[in-house]
Amino acid sequence: MTSPIHLAAWKALSEHRKEIDATSIQQIFDTQPSRIQDCTINAAGWTLDFSKNRATSKTFSLLTQLAQEAEIESLRDKMFQGERINATENRSVLHTALRASHAQNSLVIDNSNVLAEVRSTLKQMEKFVWQLQSGQWRGYSNKKITDVVSIGIGGSYLGPKVVTEALKPYAQNTISVHYIANIDGSDITEKLKKLNPDTTLFIVSSKSFGTLETLYNANASREWFLRNGGPEEQIHKHFAAVSSNVKKAVEFGISEENIFPMWDWVGGRYSLWSAIGLPIAVSVGMENFRSLLEGAHEMDTHFKTAPLTENLPAIMGLLGIWYCNFYGAQSHVLIPYDHYLRALPAHIQQLDMESNGKANLQDGSHVETDTGPIIWGGSGTNGQHAYHQLLHQGTRLVPVDFIAPLTTHNPVNDHHLQLFANCVSQSQALMVGKTLAQAENELQQSGATKDEIEKIAPHKVIAGNRPSNTLLTNKLTPFTVGSLIALYEHKTFVQGAVWGINSFDQWGVELGKVLGTDIAQRLNSNSDDSELDSSTQALIKAFKDAQA
């Protein structure tokens, strides 16, 4: 694929950007009486209000034209059909098959029906979860399992953790689920302090069963189990695995029947829908896990069938292109106004930045545009007392996604009313801002002197005209959490397709791993480091001196 800057729509958007530069969002509302109706879409349990954007009807028309010229729909269809769109690794991209409808019986890739494999794994998961929750699964001392610890990193950690937290109101309360990811010894030490080896089961999630951080934490957990009285021949009662390396998992001590498959056609950051999601299923039960899959499937269906002009992932993705490439926005912030969704920005950060943080087109040539914005955020209203200052008065344009349920699982007085009021007011404030005249009038009304007004008023001016989307759902449920995450998966796909990059490889993470292995060997030996740069030499020496 060639660079999108050569597409007719891209050139037209560049000119259009100049045309509407002086037009504010409020002015667009004034000239488009049906703005809110034109810019509201419902799908898979979510309502997107994208009216507060620096985009006119012409903008959306040109963005749709850009998507068509970039052949997004064709590439989308190839993905769903299992074609090898991950060209650098010669792989299909089939995370959507993990949540396919039962009405679809077959999807054959390399002479194998992947849907049959997926459904077989779901049955295996169902049995596993039932054994744990019913108390049929017993530890070595014949006690019921009370705690499950998921050991993984990256996609094997972030996605499941986010969903487990998001669905805490649906937790079965029979088993507590914990996560260990960081290789920092403090992480695992603090987790294990609270657990009983008699009643703890570990799930080791690693495709190769050799991921450095995961293997170190798995071995440390194994040692902890043995050190605290667990018999070596009973390890299989306290460890399961999600891995394609059955041999290594069995050598570790895990029973083959408790090793769940991973497939090359599912990238880690898209894997929570697979057996990687076992901790989710253990926490909320298989019925709720299946509802999570149904929500994602509903968003898949919407993405596949809705016209681009009415397509949530397409519209959000194209608006992201608009700000990143035509307004120079370097980041994008997600602000969920729900405590249970507080970790969502971290998962979408990995999903988006690992997918689209690329500098090469599909053909290997260097990109001619900015790609992948920095994704960040946190829960409202906490952010209002932290980084919202930058959103309102900073020099950088930062598009915002506000995400909020209309009802809460935990009604306390009028807390949820105040929470939602803050969500709406923040999006409104970003758009309308505050003029100098308004600031002067405020100060005058408060009794400030003329000198005080002249001194302070400029600091109270807020430019406004800052764009945002608002995503609403009636309530956070397994279904709506599934569709929300799938929405962001497809949004990421749309942007990668326009930029002409491969959103499904991650070669950038490899170099650090290779060099890390070399540095670790040097830290553990009397190596000659003279060929290294002086900074690396000094850092190695500092560590060795501290250990000595």
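1. Let's start with Leu-471. Leaving aside residues up to four places away in sequence, Leu-471 touches Trp-46, Thr-47, Leu-48, Leu-312, Met-316, Phe-402, Ile-403, Ala-404, Leu-484, Leu-487 and Tyr-488. Please keep in mind as you look around that this is a predicted model.

2. Where does Leu-471 belong? Leu-471 is part of the largest nonpolar core, which has 116 residues. Together with Phe-128 and Trp-322, Leu-471 is among those with the most contacts inside that core. Another core, of 19 residues, lies apart from it, and its members include Ile-151, Ile-235, Ala-249 and Phe-252. As background, nonpolar side chains tend to be buried together in soluble globular proteins.

3. Now try a loop residue. Ile-462 is found between helix 18 (450-460) and strand 13 (468-473). Is Ile-462 buried or partly exposed? Its relative accessible area is 23%, and buried means under 20%, so Ile-462 counts as partly exposed. Not counting residues up to four places away in sequence, Ile-462 touches His-392, Gln-393, Gly-433 and Lys-434. If you want a distance to check in the viewer, pick Asn-105: its C-alpha atom and that of Ile-462 are separated by 56 Å, and the two residues are 357 apart along the chain.

4. Next come the aromatic rings. How many aromatic pairs does a search of the whole structure find? There are 20 aromatic pairs. One of them joins Phe-202 and Trp-224 in an edge-to-face arrangement, with 5.9 Å centre to centre and 85° between the planes. This pair links distant parts of the chain, 22 residues apart: Phe-202 is in strand 7 (residues 200-205), while Trp-224 is in helix 9 (residues 212-227). Phe-202 is buried, at a relative accessible area of 0%, and Trp-224 also counts as buried, at 8%.

5. For a contrasting geometry, look at Trp-263 and Trp-265. Their rings are stacked, 4.8 Å centre to centre with 5° between the planes. Both of these Trp residues are buried.

6. Phe-202 and Trp-224 also belong to a cluster linked by ring pairs, along with Tyr-140, Phe-209, Phe-225, Phe-239 and Phe-252. You have already met Phe-252 as a member of the core of 19 residues.

7. Finally, look for charges over rings. The charged end of Arg-17 sits over the ring of Tyr-327, 3.9 Å from its centre. Arg-99 lies over the face of Trp-273, 4.6 Å from the ring centre.

How values were computed: Residues are numbered from 1 along each chain as its sequence is written. This is a predicted model: local features need pLDDT of at least 70, side-chain atom pairs count only at pLDDT 80 or more; totals for chains, interfaces and linings use all residues. Side-chain values use heavy atoms; hydrogens and water are left out. A nonpolar core is a set of buried Ala, Val, Leu, Ile, Met, Phe, Trp, Tyr and Cys residues joined through side-chain atoms within 4.5 Å. Buried means under 20% relative accessible area, exposed over 50%, partly exposed in between (1.4 Å probe, protein chains only). Contact means heavy atoms within 4.5 Å. Helices (H or I, at least four residues) and strands (E, at least two) are DSSP runs, numbered from the N terminus. Rings of Phe, Tyr and Trp (its six-membered ring) pair if their centres lie within 6.5 Å; planes under 30 degrees apart count as stacked, over 60 as edge-to-face and the rest as tilted. A charge sits over a ring if NZ of Lys or CZ of Arg is within 6 Å of the ring centre and within 35 degrees of the ring normal.
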